[in-house]
Structures are given as structure tokens and as C-alpha cells.
Amino acid sequence: MNPATSGPAPDPGRLTVIGVRHHSPACAGLVRRTIAALRPACVLIEGPVDFNPHLPDLALGHDLPVAIFSFRADAAGSAASYTPFCAFSPEWQALEAGRAVGAETLFCDLPAWDPAFGRRANRYADPHGARAEAAERALAAALGVADQDALWDVLAEAAPEAELPARLDRYFALLRPPGTDDPAEEARERFMGAYAAHALRAAGDRPVVLVCGGWHADAVRRHAARADGTRPEPAPPEPDLRTGSYVVPYAYPRLDRFSGYAAGMPAPGYYERVAASGLAPAADWAMTAITAALREAGQVVSTADRVAWRVHAEALARLRAHPAILRADLIDAALAALVKDALDRPPAWAAGRAAPGHPALAAMLRALTGPREGRLAPGTRQPPLVADVAERLRAADLEPGPARRSVDLDWAEPGDRARAHLLHRLVLLGLPGIAREGPDRAGPGLPRERFTLARHPHWLGALIEASLWGGTLEMAASARITARVEAAPDSLGILAGALSDALFAGLTLEGELLARLSAGIAAAHDAAALGAAGAGIVRLYRFGDAFAPARPALARLCAVLAARALFVVEAVRDPRAGLGAIPLVLACRDLFREVGAEIPGLDDLRAPFSAMLGRRLADPETPPALAGAALGFRVACGDAGSDPEAALAWLRRFGLPATLGDFLAGLFALAREEIAADATLASVEGLVAAWGDDDFLRALPSLRMAFAWFPPRERERIAVAILRRSGLGEARAEVEALAWMRQRARPADQAEALAREARVAARLARHGLT
């Protein structure tokens, strides 16, 4: 379009603004017919103006739905916005109809990176506000319909073509009376109006059509009448701001209003059939789809049910004076004929919420949504990140294929370590089709990992959307970690997780991250949070040469952790905090026992730390879990007077149903290998045997948690030992133990059943009925 401003003033009378509801088949048809009749010089569409140079990308023959994905990113953060299209979107029909009549077809809205656009994730989300919602509710009540979607079907989707323009004008005027300003949308509306005025000047005596949300239509007309015809230009992006707009695949579940999408129509699968065939065939399709969905979910839908449903829907349509069975008639009749039990709340379509509640309603809504997913045509422009990732995967022989495959990587091998870095970066970006397994616990030596790779249908779309983080894989992964830290700069868990992710991904550590983590550890008061973060840091240090460049920084963090733990553990008094302190004591055990003199100053803290735990163990107010951990630390580290035999005395002290499980949890977490002797198990068994059924049931959850510190093979060995002591032979004990380990019934449920049986037997005995 010629940017010159010379020539006659724009004539607003040649401008046709079509206000639409996004993704409405009726509005899409109106747009198509209007453009075909007027044959305008220019068709303007509410959409990102910065995408105009790339409009050929939208004409490549994609399988709809697709969306324009726009992003902005800088050091302060990032934001993304979507402009979605399906076959029955008025905006898509404007693109196709405009090309068909030879009109210049352009987007005319602000780009997503413009400050005036804001940080809206959905360009087509019109903020109607409380007044508009009240007006809509009043109109719905006057017409005898339950919600805004049923109202729209009556007003627009079922309207005769000749009446539709007038109905839309009156409807949108009710929501937003003519001349009403919307401060939140004023910049966008002024920009679209100015763009329309410029198009009118360039078009000479030919008409111009502009398609936008009905909320904006009147304001755009007013701004177009006041503009002088100069083409508006968005403010240029700031120098350090990265921006981009690309076509990405979309999907009907993302387009459905009931899934949380902030604009448009519900049930896109249904409205696709309305657009293609009309209301009556769409109702037939919907009944078939819902029947199949309910049957797949296990509900019986007989032929008689189907007939009753149809009769009910036709009766509702006639009662409501509808020209055909509409969506509301269909689902209201299904609710009456197919849902046999009572609902605990109104259905989603009657309450304006996304959650359907009843499983049958959820299945019905999913059926009406449809599973359609978009696919990009070959040759679609892509961001640099897509090519960068593809080349790196090809060079590393890690390209996902149609069959799922596993990749085992050993960090002791330099080639494997580089491949691990690559896969960890992809995992950081959340790309589908790639998953990582292990290591989950600290262990000596370099880690071994397993990744699973498979080609995923959403891979390309997710990778394009990940380009908001950067143009290369390293840049994008680093930016993703930075954003996570900036969102929670004071969270020890987030900071420690970011440190771990950066090291596994082979990214350069930032001094600011290390400084924040060190300061957070030094100021921590929550033993559970400090333990969770500290366990991860100690694990990273113990991986040794895997993170050689970062070992000095990790060593400093470990020293700060041990120093802080000395004070935090001594301050734990709340019994509920005792269990949370176990990982912190465990991390310190690994430091003092396994690392030792490697970290300067660490050995100097061991004696004070052990003495502090001795005081906690002797303190009667110490939570049982922390007391068990204190004893376990001293036993595991070989401190004087803390051998396994001495542990039996402490075991008897905490042998009550309310304390034994927590005490054993701390003890086994720190000294499982040292303390799991036959005498210990016999003592535990003796204590438990003296309890009544109610006491045992009350203690069972904590006892199960305590023995969960043992791996499955060791738990099986313990079960064999218990069975042998009960008199079973070796072979029988092993068979019974294996059956215990592999049973499907929950032990807690079994214990509750036994306790109930005992109570019933006692009651029968009291009445002489045994």
C-alpha cells in the first residue's frame, strides 16, 4: 500500500466495518458474502500488522486450525500472543475472500510487542466488562435462553442471511453503546481506524472492508472518520527487545471456549459442521459424536435412548421456536435423556464456567470440541531455533523417529556428555517427545542417564513457540532458566533447581545465580526448604568431574549449607518440622562422611555438628523424626557411643505408636545399612506385637514411611526375616514375602479391614453370637 499522504481526503462512506464474533460460522459467511459483493480495493483484518510482510505464509495450504504466534522478549522477561484461525473464522474467510477478488489483504492491528497492546495472550479476547455481561444476561433472559452461547445461536447462527447484519449491529450496540470509549482498547482502535483511513485514501473511489471484533467496530469507524489518511506506524521495538511472528499449528481443544480460551465459540467441532453443512446436519453429526464418546467412556446408550434424545431435542427446538435443533437444544436434551443420575451443580454451558463437573458432561463437551489438530504446509517460514535444533540433533544422531527409542548416556564418555547437554536443553524447553530418567539420588561417580525419544505431532509447534526464548538452543535454554529464577528470586527450591538444570545442560553459570543461592542458604530458617535445596547441591558436588568447572562454586555452597544447617537443625522444635529436617541432616551426613577434607573448613564443622545432634537426641522435646535422624547421623559417621547396639535403647524410648514410625524414619534415612540388623528388626517387631489393633492402625502410615527408605529388595529380605521368626520355613517365607511385596491391595486398607473384623468379632462375642 502506498504510504504517501497526498491525494483526496479519505471518504468514510466507502468504509465497511464488519463487527464479528470470532470463530462464528454466521459471521464468517457474512464476511465472505460482503467481500464478494463489494469487491473492495483493500480488505483489512484485526491482526498483527508486523506480520503483513509474511502474509504469504498463510496462503501455503495449511491444515487448519493454525495461529500466528507473536512474541516479545528482553532481559526483563518474555510474553507471547496468539491470533488463531480455523476454517470458519471470519478473519480467515476475509483473507481467502480478499485474495479471491484481487483485493490487497492486510492486518491492521498493533503488533503484540507494542507497549499499548499489553500482555494479552489472545488477541481476540475482548474484555467486555461487567456492564456488557449484565446486558447480555438481560437479553438472554428476555429471549428465554440460558447463557451467552445459546443467545448467540438464536441471534446469529440461526438468523436468516438478510437479517444478520442488522441483528449484529443491534447486539454489539447493546454490549457497547455507540460512542462509548474503552480506555484499555483505545490505542488499538485508534490504530485500526487510522489504518482504515489510509487504505481509503490509497483506494481512490473503491470501497474498503475492515473485519474486527464487534466490540471494536463502532470505535474503529469513529477513529477512521477523524484520521487524516496518514499510515500509522507502531512504535519501533526497543533495541534490546527480541520480537517475532510465525505461523504455528493449533488445535480445536485449544480453541474451545470451555477449555479456557478467552474468546470465540465453544464446541469448534460442532461449528465446523454448521459452517460446512448447516444446522440440521451438524445436529446429526453431534448426536453421533456424543453417542460414540459416551459409549467409549463406558456408558450404555441404547437405540431407545438415542430415539428419546432425538424426540426430546426436536420438542425443545419447536418449543423455543428455533428453525432447527440448535446446540443448546441438543445438549439440554442429552442431559435429560442420557444422564441418569443427579448433578451436583449446573452444567458448564448453563453456568459459564469451563469445568463440566459430571463425567458424562465432560465426554459430551469433548465430543463437540472435536480432536482436529492443525498441520503446517511445507515451506512455512520458521524461526532460527528450528533449524539450529534440527542440525544439532542430526549431528548427534539423536533425531526422534516414528518409533520410540531409548538412549543411554554415560557422563564418563565425553561424547555422551555432549549429547546429554543437548537433550537436557531440549527438556528445559518442554519439548514433547523427549523424556529423561535418573539419576534421582546422590551416588558416587559420574551419572548415567536414560532418555526416551519419539517423534511427536506437536514437536514443530512447540519448538516454534520456544523460539521466544532465543534463536539458538543454548540461548533459549539459558533464557528459560533465567526467566524461572526471575519469577521466584527468593525461592531456594527454584534457585537450586535452576543450578542443577544449568549444570546438566552444560550452560555457563551466572555469578548472580550463585550469589542469590549462597545468600538464600545463609539466611534460611525453614529446615525442609534448606534440606531440599541442600540435598540437590550436595548431589551435584558428589557427581565429581561431571561438573568440573563448577566444582569450586559448588564447594563454597556446600560449606555455607553445613554452617547454616548447624543452627537451623538445633532450632527445630515443632514435631511437624521433624520429618522435613531429615533431608537436611542427610545432606550434611554425606558432606561430612563422603567429602571430608575436600572442602576447606568443612572438617572444622563436623565435631560441632555431631555435638549439636547429641544435644538434640538427649532433649526430650526433640521431634521423634529428628531424634532418629540425629542418632542415625552419629551411627553412620561412627561417632563414639553411637553404635548399633546403643540404638536399641533409644528405640525403646520412642517405641510408642505415636512416635515409633517417625523415629524409625529418621533413623533408617541416615543409617539404614548400619542399623538394619536382625536385632533391630526383632526389637521393632516386639514393640509392635504388644500394641492393640487400634494402636497399630494409627501407627501404620508412619511405619510404612519409615520402611520406604529401604529399596524393594531389602524390604523383601526384611519380610523373609519376619516370616522366618514366625515359624515358616525358608522356602515358604520367601514365597510369602514375594506375595507381600507384589500384592495390589493397599496395606492400610488391609489393616483397616482386619481392625473392623476384630471389632465385629468382639461385638458378636459380647452378645453370645460367636
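Which residue in β10 is the bridge partner of Ile434? The partner is Leu453. The model is a predicted one, where local features need pLDDT of at least 70, side-chain atom pairs count only at pLDDT 80 or more, and totals for chains, interfaces and linings use all residues. Residues are numbered from 1 along each chain as its sequence is written, and side-chain values use heavy atoms, with hydrogens and water left out.

Start with the strands around Ile434. Four bridges join β9 to β10 (residues 448–453), and the two run antiparallel. Strands pair here if DSSP finds at least two bridges between them. Strands (E, at least two residues) and helices (H or I, at least four) are DSSP runs, numbered from the N terminus. Together, three strands make an open sheet in the order β8-β10-β9, with antiparallel pairing. β8 (405–410) and β9 (434–437) are the edge strands, each with a single partner, so one side of each has no neighbour in the sheet. Neighbouring strands are turned by 25° against each other on average, direction ignored. Axes are lines fitted to C-alpha atoms, for helices over the stretch in contact, and angles run from 0 to 180 degrees between N-to-C directions.

Now turn to β2 (residues 42–48). Seven of its seven residues are buried, meaning under 20% relative accessible area with a 1.4 Å probe, protein chains only. Five bridges join β2 to β5 (residues 104–109), running parallel. Four bridges join β2 to β6 (residues 208–213), also parallel. Cys42 takes part in both pairings: Glu104 stands opposite in β5, and Val208 is the bridge partner in β6.

Next comes helix α20 (residues 511–522). Its twelve residues reach 16 Å from first C-alpha to last, close to the expected 16 Å. That expected span is 1.5 Å times one less than the number of residues. Leu513, Leu514, Leu517 and Ile521 are the buried residues of α20. Seen down the helix axis, they fall within an arc of 95°, so they line one face. The arc is that of the directions from the axis to the C-beta atoms. An α-helix has 3.6 residues a turn, so residues three or four places apart point the same way.

What does this face pack against? The buried residues of α20 pack against α18 (473–487), α19 (492–504), α21 (527–542) and α22 (551–570). Contact means heavy atoms within 4.5 Å.

Two of these partners also meet each other. The axes of α18 and α19 come within 9 Å and cross at roughly 170°. The two helices are therefore roughly antiparallel, a label for angles over 145 degrees. In α18, Ile481, Arg484 and Val485 meet α19 residues including Ile494, Leu495 and Asp501.

Conventions. Buried < 20%, exposed > 50% of the residue type's maximum accessible area, 1.4 Å probe, protein only. Parallel < 35°, antiparallel > 145°, perpendicular 65-115°, else oblique.
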